Amino acid sequence: MEEDDSYVPSDLTAEERQELENIRRRKQELLADIQRLKEEIAEVANEIESLGSTEESFSFCDFLS
């Protein structure tokens, strides 16, 4: 359910309009941060997965023998 972020109720004071603008700006910043974190998590998950593949072909037990 996406809200129209351009809608501004006509009964808001100038101060309330400014606060609404600040909230909407911060919302966009947080959404960008969330997207960046999702990408970082995916990258780390891929690195972990590739390390797991490496461990399967060269186990610690092989190293000890």
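Is E40 buried, partly exposed or exposed, and what is its relative accessibility? E40 counts as partly exposed, at 38% relative accessibility.

**View 1. The whole protein is a predicted model with two helices and zero strands.** Buried residues make up 2% of the 65 residues. The protein exposes about 6100 Å². Carbon and sulfur atoms supply 57% of that area. Three salt bridges are found in the structure.

**View 2. E40 pairs with R36 in a salt bridge.** The closest N and O atoms are 2.8 Å apart. Both residues belong to helix α1, four residues apart, so about one helical turn separates them. R36 is partly exposed, at 39% relative accessibility. E40 is partly exposed too, at 38%.

**View 3. E29 meets R25 in a salt bridge.** Here the N to O distance is 3.0 Å. Helix α1 spans residues 14-57 and holds both partners. They sit four residues apart, about one turn of the helix. E29 has a relative accessible area of 33%, which makes E29 partly exposed. R25 is partly exposed as well, with a relative accessible area of 46%.

**View 4. R26 also forms a salt bridge with E29.** Their closest N and O atoms lie 3.2 Å apart. R26 and E29 are three residues apart in helix α1, about one turn of the helix. R26 is partly exposed, at 40% relative accessibility.

**View 5. Why can such side chains pair?** Side chains of opposite charge can pair when their charged atoms come close.

Technical notes:
Residues numbered from 1 in each chain as written. Predicted model: local features only at pLDDT ≥ 70, side-chain atom pairs only at ≥ 80, totals over all residues. Heavy atoms only, no water. Buried < 20%, exposed > 50% of the residue type's maximum accessible area, 1.4 Å probe, protein only. Areas by Shrake-Rupley, 256 points an atom, 1.4 Å probe, with all protein chains shown as cover. Salt bridge = Lys/Arg side-chain N within 4 Å of Asp/Glu carboxyl O.
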